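Please read the report below alongside the sequence and the 3D view.

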Amino acid sequence: MIDPTRHRQLEELDMVNLCTRILCNSRNELYLNMHFLDISLSSLGFEADPSMKGMGTDGYVIYYAPEVLCRLYQRGRVYVNRAYLHMVFHCLFCHLDAGKGLVGGNTAQAGNSMGSSDTLKDAPPVSGQGTVRKRRGEEYWNLACDIAMESVIDNLHKKCIHVSPSPYRRELYLRLEREMKVLTAEGIYEALQGMNLTQAQYSRMAEEFYVDDHGKWAQDRPPGQLVPRQTKWNDNREKMQTEMESIGQDPFKQGEDNSLLEQVQVKNRERYDYKGFLRKFSVTKEELQIDQDSFDYIYYTYGLKMYGNMPLIEPLETREVRRIEDFVLVIDTSMSCSGELVRRFLEETYSVLSESESYFKKINVHIIQCDDKVRSDVVITDRDQMKEYMEHFTIEGNGGTDFRPAFEYVSNLRAKGRFTRLKGLLYFTDGKGIYPVKMPPYDTAFVFIQGQYEDVSVPAWAIKLILEEEELKEAYEH
């Protein structure tokens, strides 16, 4: 007689083996169609979890309910492929961690609040009456992440994942694209809060875009385990961008996967460390100060012991340091630039340059205001002058935008010997102007505010730095 328990265990094992084959085949099919995802696709393991109501990932493993996965596969392997890719994209774009700072608290515990009979699970209905404007936390963030990833997948013209978007989806995509250039989860999250959705509208939208359960995103994991996860997927995303940009150089493949590449490029822009960025414009110079790292204490004490008052090695009285000396800061004072943002930017720059380790006792910083012509040039030589300038700062200009006069002006200053070693020029602007064609003999960076700039015409030789308005505002207030 066959043991019922043993029989049930064998059936469960057979189903797990079958599900593993389904997921492996899905991974292989996705790789054959999108080689740039090779590392990312292989970064997730598989684990059966009967307690799951669908599929989900924690950034390390894809958890699935075997019965649900098999039903999904019966609908068509394209749906398994889409679900697999959807979860990989969540990891690549750091949705598992990014929402905690955006909405406060743990955004993953609630998972997704809606589902449908055609998706991976039947989710309970959303509680509450009236509008959902007050639900500005987990549910909106989860929905925003799903919309962002589904929009990317719907724009990938690959047969292995192609399902014709419903009219509802296409209409929502168009509505969001009118508000933002790239449909990121952060941007969609802000847009959802302004839509004033009713309960029925929210439920309809959540049902349309539900794919996976987000409950595993940060479930009972100490912070020490989250950092390696973030690092791994950040590395995967950077390698993915390099691969995609290399593919994009092929004229026969240009135009493919543009939506995904835009998402990757936006996410790979580091949250700025302004102090670190300004180090790009520093120079090496010797200063009079004892270099504690220039000698070995063992030989020093040995000499004192053997010869009394005669150390074998004396500390050097100078040391090499990298600090800002010659520097140009240009402010776009055209009508298209916000005066408040200009003040915040200058305040942040002042706070960095005021730190003793950032620049020499004597500096040569030119702060130039320019719209379609150079309006003013104030030379700062020490911290006190910088402080006085900030206290009496006024904007001059409000004309059109032309970047060329500022570069011509700096070239004339260099010809007159006004700079010793000019390392760089920082240009704060919204990008809506005429750029110089010729590359200057020093590093140049154009600084933009996220969501308030155009960088289509920025020359290839220039550095682009995108600052977050909220972070700039916080720095200004402090």
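## Helix 6 and helix 9

Helix 6 and helix 9 cross in a left-handed manner, a term used if the near helix is turned anticlockwise from the far one by less than a right angle. The model is predicted, with local features needing pLDDT of at least 70 and side-chain atom pairs counting only at pLDDT 80 or more, whereas totals for chains, interfaces and linings use all residues. Residues are numbered from 1 along each chain as its sequence is written, and side-chain values use heavy atoms, with hydrogens and water left out.

Helix 6 (residues 138-154) and helix 9 (residues 199-209) pack at about 45 degrees, their axes being 9 Å apart. In contact (heavy atoms within 4.5 Å), E139, Y140, L143, D146, I147 and E150 of helix 6 meet Y202, M205, A206 and F209 of helix 9. These contact residues comprise seven nonpolar, no polar and three charged.

Strand 1 (residues 45-48) runs parallel to strand 3 and is joined to it by four bridges, with A48 opposite Y64. Strand 2 (residues 55-57) runs antiparallel to strand 3 through three bridges, with G56 opposite Y63. In the hairpin of strand 2 and strand 3, which has three residues between the strands, G59 takes a positive phi near 90 degrees.

## V374

V374 lies in strand 7 (residues 374-380). The C-alpha atoms of V374 and F407 are separated by 9.7 Å, these residues being 33 residues apart along the chain.

Notes
Axes fitted to C-alpha atoms, helices over the stretch in contact; angles between N-to-C directions. Helix = DSSP H or I, 4+ residues; strand = E, 2+ residues; numbered from the N terminus. Nonpolar A, V, L, I, M, F, W, Y, C, P; charged D, E, K, R; others polar. Pairing = 2+ DSSP bridges.
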